[in-house]
Every structure is written in structure tokens, then in C-alpha cells.
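Reader: I'd like to learn how to read a few features in a multi-chain model. Can you walk me through it?

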Amino acid sequence: MSAELMEGGVRGVFLTLDDVAAAVNTLENEGVAADDITVYSPIPTPHLEDAIDRPVSPVRLMTLIGGLMGTLTGLTLTLWTFFAWGLQVGGKSIASLPVTVIIMFELTVLLGGLFTLAGVFIFSRIPAMSTKPGYHPRFSNDLFGVFVHTDDDSAAQRARSILDRVGAEAIESVA
Amino acid sequence: MSESTSTVNRRASGLAQATVFRRVNDDVLATLQRPGVGWAALMAVVLTVLGIAIAAWMYQIKTGLGVAGYVPPVMWGVYITDFVFWVGIAHSGTLISAILFLFRAQFRTAVYRVSETMTVFAVMTAGLFPLIHLGRVWYFYYLIPYPNERLLWPNFRSPLLWDFFAISTYFTISSLFLYLGLIPDIAAARDRAQPKSFRHRLYSVLSLGWQGTDSQWRHYNRAYLFMAGLATPLVLSVHSVVSWDFAMAIVPGWHSTIFAPYFVAGAIFSGVAMVITLVVPLRKAFHLEDYIEEYHLNNLAKLLLLTSLIVFYAYLVEFFIAWYSGSEFEKAIFWDRLTGRYAWACWIMYICNCIIPMSLWSKRIRTSWFWMFVVSIFVNIGMWFERFSIIIQSLAREFMPYQWDYYTASWVEWSITAGSFAWFFMWFLLFVKFLPSMAIAELKELLPPKLRRQQEELEVAS
Amino acid sequence: MERREFLKLVGVTGAGTMTACDQKVGPQALIPYLVPPENVTPGIPTWYASTCRECPAGCGVHVKTRDGRVIKLEGNPDNPVNQGKLCARGQMATQRLYDPDRLRGPRRIDNGEQVEVDWGAGIEQLAEGLRGAGIEPGSVVLLTGLETGTRDRFYDEWAAAVGAARVVYEPFAHEAVLEANRRVFGRAAVPDYDIAGADFVISFGADFLGTWVSPVRYGRAWSEMHAFRGVESVRPDGEGVFVAVEPRLSMTASNADEWVAARPGTEHLVALAMANVLGAGGPAAGWPPARAAETTGVDAETIEHLAELFESKRSLALPGGIGAAHRGATAAAVAVNLLNQAGGAVGDTVRVNGALTGGVPGAYRSMIELTERMRSGQVKALLVAHTNPVFSLPPGVGFEDALDEVPFRVSFSSVLDETASRCQLLLPDHTPLESWGDWVPEDGVMSLIQPAMRPVFNTRPTPDVMLDVGRVMAGDGGTPAIEAESWYDYLRSAWSDVAGSERAWAEALKAGGVWQAATTVPTTPAPAAADDGLDFGPVPFDGPEDDGAFDLIVQPQLAMYDGRSANSPTLQELADPVTTSCWQTWIEVHPDVATDLGVKDGDVVTVTSPHGSITAPVISYAGIRADTVSMPLGRGHTAMGRFAKGGVNPVELLPADVEPNGGGPIYQGVRVTLTPTGAWVPPLKHQGSDIQHDREIAQAISMTEALHAEPGHHGNGHGEPLTVERVAEDSGAESPYRWGMAISLDACTGCNACVAACAAENNIPFVGPERVAKSRQMSWIRIERFLEHEENGHVKTRHIPMMCQHCGAAPCEPVCPVYAAYHNDEGLNVQVYNRCVGTRYCSNNCPYKVRYFNYFTYEWPEPMDWAINPDVTLRQKGVMEKCTYCVQRINAAKNTVRDEDLEAVVPDGFFQTACQQTCPTDAIVFGNLKDPDSHVSKLSRGPLTYSVLEELNTRPANFYLKKVIDRTSSDVALKTAGSGVEV
Amino acid sequence: MQAAAIRILLALPVLAVLSACGRAQAEGPTQPIEFMHNVHVTDNEMECAYCHFSVDRSEEAGIPSTETCMGCHRFIRGSTPEYQEQIQLLQGFWTDSLPIPWVRVHSVPEFVQFSHKPHTRAEVECVECHGEVETMEQVRQVESLSMGWCLECHRDEEASDDCAVCHY
């Protein structure tokens, strides 16, 4: 269960990705569950992934499945239609393999691509109707944010203190 | 003490970065301000031309393909020329964005959004021509493999069907790739737009509620990587398939194994040229001088020069093979290409594609916005005529001397050709006004030199 | 008659003919017969034997009708004249039947306005006019075209009865030949030339394969004499040699082994000189080869060589044709007769018995006289039938103006031609396909004409009209001049002695006529007096003598003949065998001359003769002497219909004077100057490049090699030669058929009959000049004609019929994205029109370029669409089409044999494709390559076999048999104009 | 222009499939005379080929000539007023010597070269394609007559499935 689904918590605002990484690591060391932490970033975060170890995205699996399905569809579609009505053209054999390869390739790429995108949608929970309270418009602009989901005030307090300690620019609780 | 200073420094640099980030958002999203008179005027022109073209097409459908200039044995004319031309344009887009992404080429960031959109719109344009050139377009669905009451399927042996698959795949993938890249930037646009305003609603929908959380970025980065991975072979394959429309035929002048690489190179060549043609005015119009700089231009120019050389080489090889093959028909075709009734088209192509680009050896020209614009225009023209002379000249003097003849395009073909440009620019104009034409997030990730310098200055200042 | 009326009477079932043009599915009218006609089953063709009247040759035809409509003509195999073959014009007779511009009923013309009248009124007015014309002899003139047999007799009788003088006029009446024969053989007829029997045929300008006397019969005969197929040749010895002596390489000359390009008007001197060599006296004595050489431009040893050939072989010399009708035409024809006599041909290859009734003695002179009488007001009433003098007479004759002097003018023409439009009363006759009649093409052959369908319009047989007039004039109680109920009764009684009984009559109708051995006609040879008053010297031409001027040859054009066919769009679009141009009147000039004048094909020049001046586009042609230019007759109509408008009429350049001895016209007798106008029009040439560019499309082999060549396909050096057996593999293993063709280039004369037949059979549309200008003509089969320039300056022609090759490995098939083109079990390359989406990729990929695209939805003007063959789908715009090997006939044949036995295989020769069926020289043979004994297999296994563009390995099913050149006997180089004789 | 646009719309595959399958009719067209096959075939036990005379000889099944109808209806005036009315219509056509403008019920597109003969020779029963006409008061099309429909039968019966059998 990723944090975005839950309301309520504390949000710390940061200036750089390094600060964010530091913050996240400290939080986790202090025993905050990884699932309760959400980072908001205006830029792609390949480094962050390494900084705060997170599992590799399963999207690649989707790509694989899609690709394979494509290959298979290509093969069956061409071969099957060849035999559905064996019309002879150009003195060639009814079924011609080089042709199937081309169609297979195209469909591999097509389905592969579609599945990949589907993957992104599914795993990163989009399309979403609205942004979550933890989010702030400036997170798409110039600032980074770390949102810690908290169930009760004590937890909130702890999060605040940690965020403060790692030098958040601003800390506010979100309901 | 020291520790505190270091924190101070880090904070300073952080603040500096934030300022620059803000600036990026401001500058890029500024392009989305409400359209000015110039934009409207352009749009008006474009729509008029498009209107004429649509009328012409309707007339052609009603009356019959005879209103085009076809003169047997030239059964393919300007329409297919346009088709190949636009598919070619469509190429460098994905090349720049996908391949250069995989190669981690930095200069890509500033221009890849433009080239990707160019790709998508160019494919949208190219895709129309196979329909326009059909004798009975109202039966185009015979090409689609779907279970039907005739129990009859399309013929997968036909290069035209490969085309059908290649082009539609290419269109889907490049659109998705473009859109994927757009999502975070649309989110940025959303967050800036007036709440409850039309644009806000529009962007909210388009951004799919993107928030840039760590997990979103995680999947996003993966997906982007794989999309790039898929797109790269696709780019190369699509124009190869297009080239097979010709190479698979026995027509002398078409039937050649070099066509696939030759066409791909040509496609990238024309594509890069078109990118330049688009970027130069865009940069001026939207004051993006700080983002698109000489070194971008220089790199593009180098790419142009390289591909020009490859294309040049391909031309020479064609002649060599024609001579080496010993086939009378091949020899005759290429001799005629140089000296025959269509020689003018052939020479235009040599001058525009081989001679003029040689000027790019000079850095002065490579880094001159004006000259690069001029050169790119010439290359576009040259590449159009390359397709023209390959397709039409080869057909005009095929195997049977009895049938030799001379084709000239009719007003219908010319207006539809003009219309195709209108169609392309219509979409492009819409795009620059409604979607960020540079990749905000990635610009921030890898700041262009100018802004990096600015950031450093800011740090020092504090 | 209105279409609806027509339906009422005949009825039409099925979507075939009714909704041929639209493809919509849904409710349509379904009109049954009121009373079913005898032996007519809807959907099954009914055939009527009749006679073709497109020219005086009178070939026998079988008329194919479907649902009461004539849809095609085919030669009647039993008829001795054409033996089942037909020429292009015969094939297109349907377009004259269904001519949309035909007169749809009787008309009166009041000061230029056409007023419809009913037949009663029309006949009244005619009778009135005749009464008014008075009775002094010659005040009434009945002017008809050439008629033979019963109709001829009827006209004479009727004319006599109403006190009218009868004048017969035919533009191509062979006056000179008739006169010469009268002088030499004592009979004014075209003798029975035994071309087939001769070993050596030399023609002095006679276009006997194209337009002269009886082209189809001569074509067949020529092929028997000359066509060498290696196997199954009529003359396996290959001894047949044919030499043409004429200034222009006409279609006929283009099939000669040697073309001797004598100066215009001097051809006969070659004949005389030859006779001289053979020791003939009389006029020949004065013309030793040396002297002839100077005048003719043909060197002496050539003449001597020809003479030797003529003597050593069984020979035949043919006298000048229409194009050679000059002021010395009679002398020329006599000279040829003398040659025949000297060479012992007379009575052997030249037989006066069984002569052809192809001509009219002194026809032209009689027109001059008639014009004179008209001008002097002696003619009070002029009745014109089946001839169009206003168009075909030189304006100098003044016939048209003289018409004004004739108070009462009546036309029986079925079209509103130039002459008819100058008449006051139009009483249109049926076309031959709608009427009764007969024709006597030669002694002993009586060919019947019977109506194959109800009249399309409200027309009436002229003889019936005349009978009615007779009754009217006789008044109540009076006895009409000719006592016959109707024209049919008259005909019937005329035939009483030949086919009296109903049975015999029925037999005759079924057979298409009665053929008897030619009755011996007494002839009185008077060779001594033959040359009385003849000047055998070179012929005078009007006009400037200087080098800037050219001798003009005005010759009949194959498709147009004398101009009667000009309103047939398909014939208009037919490629001229010589220039491949169409739809216009061009002027042929030698390439060097074109260069001197600085003109290219299509540049319009003003052609000026002492008698007139017209403009025409230039077409440069290496097959004409550099001091000569040539124009085709038959186009340039000012009336007659929408399709006849194109071109100009070269008779405007011709002198009015009469050839003094024969009384014929002067088609060759003026010198003209050419002045470029600066204008350009599309040359409308079907052919792109006139030469082969060494592509070995039309191949040839010397007779010496041909005689010793090993049987079988020799290939082209690359890979395994394409044998019949290999091609036979290109069809379903279990299928008994692999359809294919063997086409003999040595037999093909380029007459284009196949093209017309194909158009008629397969509903191939005409596209019109503006589209021919864009090479969009649709002919599924075409005759490619290539000029071969030899080192010694000779120009030789090769004709090759080109149509879909039904390749075993067809490049057109795999590229079609929707399987519209594919290869079926019987080896056919099938094109499925309704599947075609029109990518035109197949056409790009067809190396033979035999696929044709429908750029528009082409339609025939009502009622021409009645000739549509319901067995062949009409093609919509955006669809590719091509030769199908007449798949409709293949399917019909298979259905027929299956009636007896479902397993039965169609036997060889059970049916023919349209092109094969009509080919006068049997150049095209179609059949089953899987049957080793089939005619096609045998021919294709012969020694001359090759495949076009074999190196592409398309495995074509069309085998071609090489043209055979360098006949053993003609090895001495004959001096021809070739390119650029100094003038 | 408009027509063309509409054409393109119609060309959408979905519609194509529908239009193909939609050819079978709920009720046939109204004929100039309310000819009742059921009366003739079922009640009076007439053979199809009596009126459709050329069905086994020609591609056309043949529409009876008015004379054929009159052969019986000179004498048969009809048992009920309705029948009489219709038969008088027929006699009207006959006396005015006008052809009866029947409305075609079954038709294939013009590019299909269909022939009855081979089918009757192969002993295909009329009902297999025309439905139970003998029970119909007003003849209607019961089968789709689509290409797939033809093909399936051809393949089941091992008749040829070569395109050139019907399309040329």
C-alpha cells in the first residue's frame, strides 16, 4: 500500500534532491515505514532511486509480456490467413516466413509499447482524478517534498521533528 | 562552524537551483500564453490551403483518379512522393529523442520535444497519402485484417501491407512516446494555470493527475527507457519497410538491396533538416535563446552533414551497381536519370542534397542561425525531389519501350501536396500554443549551460 | 424507337444488360417477354449468319445476340471469302448499328431545321417530288454506293421503272485496275489473285493486307504463302517471298521481306523494267532496267534480281492500290498485268474466273458527269443511298455547290452525313444488321444478309420505301412498277432458283449464303491493244517542282476506310498500324525532313497544294521516302456525329481531274509544301518509343537459321530455357489445364483486328483523344510495332501483339495487398475487379505493362451500351483491368462440356479467345499447354519459340514465335529509301 | 462531393459487415400483381421449372412470359374475389400487350457472374438458396447471398472456390 492512497500526514519541503534523499533515509532509519513516505519531485529521479533503495519497477515485465504477445499474434495472424484461403501469388509458396517476420516485428513493438504504457498507468496509479493533499503545485515547479503519512499525532510529532532535523525548508501537516 | 557554513552553502545552491527551476517553468510555459495576431494569421493561411486541398480530394474521389496527372506507365506520382517525403520527415524525431536518449546525448533535451511532435504530425500527414492515392478509397478497409463476410484476408506478402502495419505501429508508438514525455510537463502547466479555467481543466485531464511522486517517477523512468528501446529499432524498420515498397518491385531503379539503409539515412537527413527549419523560427518567436544555443545547432548541423555524406555515398553506389550489374535495363534507367527528360529533378536533388550541405564543413555556417535555416530548406526541397526522381523517372522508362511516357502532376496533386504542409503546420501551430514545446522536467534535470552558469552566479552572490 | 418500347417488344431479363453500369444491389425491373420469340432463351446467345457490309469485300459473319440485342460479330467459318476471320472494322459494325447519332426516324429539312415526319408523309413527299421532277430522262437520279446481287438489281429495276438514271459511286472503286483488266483480260473486274498459291508476290502499292479490295481473305492467303512457324506452317519450305514496291512503307509493305521505295508515280516502271528483263515487248520494250533505275530511284540490279525471282518462282504481281491512284494509274495497272503475263502468272496465280466484284468501272468519272448535269440544272431530283460524295469527292469537283441546282434532294443514309445534311428529305435505311439482303463478293459466292435484331430506331429498308413510293405513284388501281409485296418477298423470289424451297432457304440462312463453283466467264484477252493511248512515262504531279515541295500520297487508313467508320469511337481510337496514332489526321514525314523543317511529332504544319490547304500535326516516320509525305483518308468530317469531328479531310488537297483512262480519282498527284504554324497538338501516338533499344522484345531469325533450328525453346543464354513443360507446371497439380498462347510474329501483319475483337468481347471502353494524349487508352491487347534500322539504311518493321502473359511467377500478384491479382489453378493470372482498391502497384510491377487502369468510370452513349457483353463485368473507376484470356469463354466452355460429363476436359480448339478467333492470319493460337497434343503446345515446342523478357523469369504463358527475316531468295540488298535519300 | 463523403463513411468495416448480413428480407417487395407462389406451387402442385423455364439451361432462371400465364388464366378466373381481381390485372396486361413489370427479389451485384445452370445440374435444390418459396404469399429473400454464404456452400460441396468462377 503506497502512501498516496491515505489522507493525512506531515509534509516537508526541500530545495534539492540530496536533501530529500537524506531525509528519506533518516526517516527510514528512525523506523518510519517506507510505504508511509512519499517523495514529490519536479524532475526525474534516477539518482533518488539509488539513494533510497527502492525495488526496480515491474513495468519491464509488462513490456516483456506485451512484446511476446505481439510476436505470437503476428505469427498466428499471418500464417493462419495464409492457410485460411490458400491463394497463390507470384509462383510463391502459400506460406512465406520472411513475411511473417516483418508482421511479427511490428506487432511486437506495438503491443510492447502499449503494454509498457499500460504498466505506467497501472503501477503509478494514473489517471487519477485529482492530486492528493500531500501534493503542492510547486512540486512541479521548483521545490521537492517529502510527505510522511501519520496515523496519530505522536507519529506526526516524530515525523515533524525528523524533518526539521534534516533541514526541511518548511514543515506543515496535511489533513 | 564549518558544518554550519556547508549547510549554508548547500542551502544557497539549493535556493539558486530553485530560482533557476522557476525560471525554466516560467520561460517554457510562457509559450502557452494566449495566441497573438501573428499566430492567428498563420493559422488562417494554413486553414485556407487545407480547405482547398480537401475540396480537391473530394473532387478527385467523385470524378476518379484521372484528375491527377497520371500518365501510364507512371502509375505512382506526386502522392507517393509526398508519402515517402513525410515518412522521411517523421524519422529524425524519434531518432533524436529515442536514440540520442539511449546514447545519453545531452544536446537532445532542448529540441527533442519539437522533433517528437514533428514526428507524430508528419506521420499523420504521411498516413493520408496512401489513402489519397487509392483508386477506390472507399474500399480502403480491404487492407485491414478483420473477420469479414467475404472470408477473405489481406495479402501479407504485399509490401503495401507491411507499410500499413509499419506506419500505424510507428504512429501509435511515437504518439505514446511523445505523450509519456509530456505528462510531467502538462502537470506543471496544470499547476500554473488559473484554477477552474479552461486550460486548467484541459491540463488536469491531460496530465492524468500526475504528481511526480518517487514511485511514479520510478515507473516512468523505466517505461521511458523501454519505450526508447522499442522505438529505436522501429525507426530503423519503418523507413526500411517503406523502401521495400520499391526495392521489392522489379522496376529498374527500384529493385536494389541498398534501398533500406539508403532510405533510412535519407529520412534522418530530411528529418534533421526539418527540425532545424522548425526550431530556428520557434526559438526566435518564443525567445528561447537561452535554451537552444549555437552548440545545439552545431550538433544538428553535424548530424545533417553526416547523413548528407551517407546519402551522397548511396547515390554513387546506385550508379556503380547499375553499371556493375550489367543489366541493360538498370544501366538505361540511370543513364536516363542523368540525361533524360527527368534529369532536371535529378540534378535538383544532387545540388540540394550533396553540394549545398558541403558548406556545413565550415563552423561559421554550422553556427549561423540564418544559414542553417536556408540550408535546411534546400535539403527539404532536395529530399522531395529525390523521391520524385526515384519514383517517377524509374517508372517512366521501364522495360517496355512501347509504353515509355512523361508524367506531369495536375493542379489537384499540387493543391493536395500544398494541403499536406498546411495540415502538418496546423497541428504544429496548435501544439506550440497548447503544449509545452520543451521538456521542462528534463531541462531542469540537465540544465542548459546558460542556466547552469546563472545558477552558479546566484550561489556566488549569496 | 424508344428504349422502353424496345423492352416491351423484346424484353430483358437479368441485371446483366439492364443495370450493367451501376453496381447497386436491390430491386430492379424484371421484364418478361410478352410472347417468347422462337429459339431464344434468356441468358443464352443466339447466332445469326449474315454478311458484313463495312466494305465491299462482303465477309460472312455470325452475329451474336443476347436478349434480342446484337453484341458481337464473328467471321463465318463456312464463308469462302473470310473463312471465319474478320477485320477491325467488321468487329466494330455494332458501333455503326448503335451509333447514337444515327437518324432516329424520317425527317424533313425545312430551311435547315429538322422536322420529324412519319413514314407515310415521308413517302408521300418522295412520290410528290418524283412526280414534280418530270419524266425527261436523267431528270431523276438515283445515286447509290456499290451494290451487288439482289439489291443492285432492285435499284436498277426501280430506277428504270420511275425513269431515273442510276449512278453508282464508291470512293475506292479501283477504276484503274478494272480498266486495265478490261483491256488485258477483257473483263472489268478484280481478278482472283492466288496469293496463297504463289511463291513470290510483288505488290506495286496495293495495300492488300489493310484496305485493298478484300483484306481479310488476302491476309489469310498471304499468311499461307508467307508465314513461317517452323512447325505447322502451310509452307514448311519457307519459300514464300513478298516484296513491296511503293514510296511509303504501308502496313502491307511493312510485312514485306523487302521494301523497294520507288519514287511516287514510278512504281509501274519497275514492273515494266522487270517485264523487260523477262523479254516482254510492247511498252516494256522501252524500259530497260537501266532507264527505269534513273526514273524510279531503284537501282538496276535490284530490278534484274526481282525479275529473276519473278521468273524463277511461281509469282504474282499486284497492281496499285488506292494510295497509288495517280494520273497514270491505268498504265501502271496494265504494266503490272504485262508483268504477270510475261512471268506466266496469268491463268495461274491471276485468274479472271472467280473474280471479285470489288470495284465500279469509271465511278469517279460518272460523278464528274453527274455533277456537270446537276450544275446545268438537268437533274431535278437526286436520291442518294449508301454513299457520301460530299465528303469523299475533292471540293474542286464542285459536287456540293451543284447540289443547290437540284430542286429535290433525298437521302436514304442511316446517318446524317455530309451529303444527307444537304438533302431536304431524310428517309433513313436500316443498317445491314437490321435488314434483309444479299451480297455477291465474288463469282459464285452468294452471301445472305439477315436481320439479327429488331430495328434500333424508326428506320425503314430503302427498297421497301421505294416499293411504297411505287404504289403511291401508281395511285389506286394502278399497278406499281415493281410488283412485290415487300423487299423481303422480292429478295426471296430473287433467290427462288438458288434456294427456292423453304427448306433450302432455311439452310441458306443458316449457312449464311450459298457458295457455288465460279461459273466460267468468257474472256477475250487482247494484250496487243492493251496499251492503246497509255503513257507509261513517269506520272505528272501538280504543284511546285522545287526541292521544298513533296509528293503527297493520300491513302486510306485501316480503321476509317473511306470515312464511313468515322463515328465509331473504338475505331477512331484504334492505333494506326503505321504510326500508332489515332483520333486525328496527321501527316507523315521522313525524320530527316522533320529535322530540316525543325518540327517534332505533334507540331502542326500547313499543308498547301495547288488545290487547297489544310493544317495537320506532323508525325515523323522513317518508312517514307524523304521526298514524299503522306496523309490518311477518312477523317475530318463536318457532319456524321460526335466522334467523327476530329482531323481534317486531305481530299481538299486533291485535284478534281479524272485519271484519263480508267476514270478514277487522283489520290496521288499533287506536290505540297509544308509550313510550320508553331502550334502543337498531342501526336496521340499509342507507342512511346518506335525502336526496341536492343531489348529483344520482338525477336527475329534468318530463314536459313530458322530452317535448321532445333525444335524447342532456346532461352536467352541465362539459365534453363522456358519449355512448355515448365510452364505447364504453373497450374494446380490436379488441374487438367494450363492455358497459354503461341503468337507467331511472322504471321502477325499488325492489322489490329484482334484489338477491335477484344474491345467488342470484353466491353473495353474508348477513352477519347484527350485521354489518349495521356496514354490512358485501355486496349487489353495491343500491337507493338518496332522499326528496325539496318546498317544499309533499310527500315524493317516488326509487329508483336502484346497482352497479359499470365506469368507463372507474375510480379504483379504478390504486390497486391488485397489478393485482387492472383494465380488460379488453371494458370490464369486473375484480376478480381470488385476486390481491387486501386493501388496500381501491380501495374508498376508488370514488366510487360499490360495492365490498364480505370481513371474514370467510362461509359458508352445510349444506345451504344446495348452492345455490352453481359458475360463480362463492367469496370468501375479506380479499378485495374487486363487481358483475361477471355475467361468468360473458358468458363462457358467448361460448363458446356460438363453438361455431358462432369469429369470431361475441354478438348483442344473447342473454343477460341476473341483475338484468336478473328485473327486473319492465325498469328494467335490459344489453348491448353498441359495437353501435349494441343495446337498451342506443338507450336510452342517449335524451333522459333522465345519468351519476352525471359531473363526476368516471370515464366510467361505466352510463347512467341520469332519473325523470320532474310528470306533465302531475297539476300541481294535491295536499295530502299531507308533514312534520308537526297531529294 | 457529398455522395463521395457518404461513400467513405459507408466504407467503415463495421457497416460493411452489417450491410452484408442485412440483405435477407423480412418481407419481399410488393409486385404489380399479387402473385402467390404458395397457391401455384403447394396447392396446384406446379413445378418451379414450369414457369422458370430456363433454370436448367441458362444462367437466367427465366421469368414466365405473359403468354405462359394466360395459358391457364384464360380459363382460370380465380376462386375468390381477391384472386379474381388479381387475375383480371394479369388479363389487363395481356390485352394491353404490356409486359408485367415484376420487381426483382433475388439479385447479386453486377460483378458476380452467377449462373443457375451449373447449380441445377449439380442438383442444388431451389429452396437451398431461395427458401421455401412454396409457402410464401409474397416472395422474399431469405438468405444473405453474401460472398461468404456462397463460399461456405461451395466449400462444403467441394465446388470450386476459385475467384474466377464468379468474378470476371
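**Buried charges and salt bridges**

Author: Let's start with C:R967, which counts as buried because its relative accessibility is 1%. Keep in mind that this is a predicted model.

Reader: What does C:R967 form a salt bridge with?

Author: The general idea is to look for a Lys or Arg nitrogen within 4 Å of an Asp or Glu carboxyl oxygen. Here the partner is C:D746, with the closest N and O atoms 2.6 Å apart. C:D746 sits in the loop between β28 (739–744) and α24 (753–761) of chain C, while C:R967 is in the segment after β38 (963–965), so the pair ties together parts that are 221 residues apart in sequence. C:D746 is buried too, at a relative accessible area of 0%.

Reader: How many salt bridges does the structure hold over all chains?

Author: The total is 80. One of them pairs the side chains of C:K849 and B:E398, at 2.8 Å from N to O. C:K849 lies in the loop between α26 (841–844) and β33 (851–853) of chain C, and B:E398 in the loop between α13 and α14 (411–434) of chain B, so this pair joins two chains.

Reader: Are C:K849 and B:E398 buried or exposed?

Author: For that, check relative accessible area: under 20% is buried, over 50% exposed. C:K849 comes in at 3%, so it's buried, and B:E398 is buried at 2%.

Reader: Now zoom out. How many helices and strands are there in chain B?

Author: You'll find 16 helices and zero strands. Its radius of gyration is 24 Å, close to the 23 Å the globule rule gives for 462 residues, so chain B is as compact as a globular protein of that length. Of those 462 residues, 65% count as buried. Chain C, by contrast, has 29 helices and 38 strands.

Definitions and conventions
Residues numbered from 1 in each chain as written. Chains lettered and ligands numbered in written order. Predicted model: local features only at pLDDT ≥ 70, side-chain atom pairs only at ≥ 80, totals over all residues. Heavy atoms only, no water. Helix = DSSP H or I, 4+ residues; strand = E, 2+ residues; numbered from the N terminus. Rg over C-alpha atoms; globule rule 2.2 N^0.38 Å. Buried < 20%, exposed > 50% of the residue type's maximum accessible area, 1.4 Å probe, protein only.
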